[in-house]
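Dear colleague,

Please find below the structure that I am handing over to you. My notes on its aromatic rings follow.

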Amino acid sequence: VLDYFFFFFSSRRRHTRYISVTGVQTCALPIYAFDYYPFGDDGNANNAFIRFVNVIIPQGSTITSAFIRFTCRTPRTDDPLTNIYANDIDNAVAPTTHGEGDALVKTTAFTPWDITDNWTAGVQYDTPSLVDEVQEVVDRGGFVSGNAVQFMVYDDGSPSATYQQAYSIEYDGGSAKAELHITWANVVLAE
């Protein structure tokens, strides 16, 4: 389980909400200290950015499985529509402004995540496979083991007030924070 930096912003109100590993304010924009983040549209289309630091995977490894595990905060019966991308960069840097969030370079690969299950508070839920997104990042020539990897969950046209909520690292000392699960096969170098 890796520690991570997380923030999300509302695309309609154009304000930014930040949550970090330490809970320390990281920029001069309005800050909202939440112990959760929504996926979908809670009256505003929300986009989430989750950065996992110190990802120990050798460059060029073959990714065999990858997903993020979230813990539900508030049970809802909504069906939000989202797409998950990875940040197509060697060593992901957490955005500190709305503009930086908008400018993140997305991987070509993305995974639709239409959350159709009725979530239950305290229960963990996994994203669909993110193998292609992670593979695209670890195949980058400048990626090295120990770099940070960031994922972006973008609203994909969810009807208004259709969302799910998952705990952030701010909740209960991080006891329900997001978890990045990756399995890979090491690269074997020819002699």
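**Aromatic rings and a lysine**

Lys106 lies over the face of Tyr85, 4.7 Å from the ring centre; a charge sits over a ring if NZ of Lys or CZ of Arg is within 6 Å of the ring centre and within 35 degrees of the ring normal. The charged end of Lys106 also sits over the ring of Tyr154, at 4.9 Å from its centre.

Please note that this is a predicted model, in which local features need pLDDT of at least 70 and side-chain atom pairs count only at pLDDT 80 or more, while totals for chains, interfaces and linings use all residues. Residues are numbered from 1 along each chain as its sequence is written, and side-chain values use heavy atoms, leaving out hydrogens and water.

Rings of Phe, Tyr and Trp (its six-membered ring) pair if their centres lie within 6.5 Å; planes under 30 degrees apart count as stacked, over 60 as edge-to-face and the rest as tilted. By this rule there are seven aromatic pairs. One of them is Tyr85 with Tyr154, an edge-to-face pair with 5.7 Å centre to centre and 75° between the planes. Both Tyr85 and Tyr154 are buried (under 20% relative accessible area; exposed is over 50%, partly exposed in between, with a 1.4 Å probe and protein chains only). Trp119 and Tyr125 form a stacked pair, 4.7 Å centre to centre with 0° between the planes. Trp119 counts as buried because its relative accessibility is 3%, and Tyr125 is buried at 14%.

Finally, ring pairs join Phe49, Tyr85, Phe110 and Tyr154 into a cluster.

Yours sincerely
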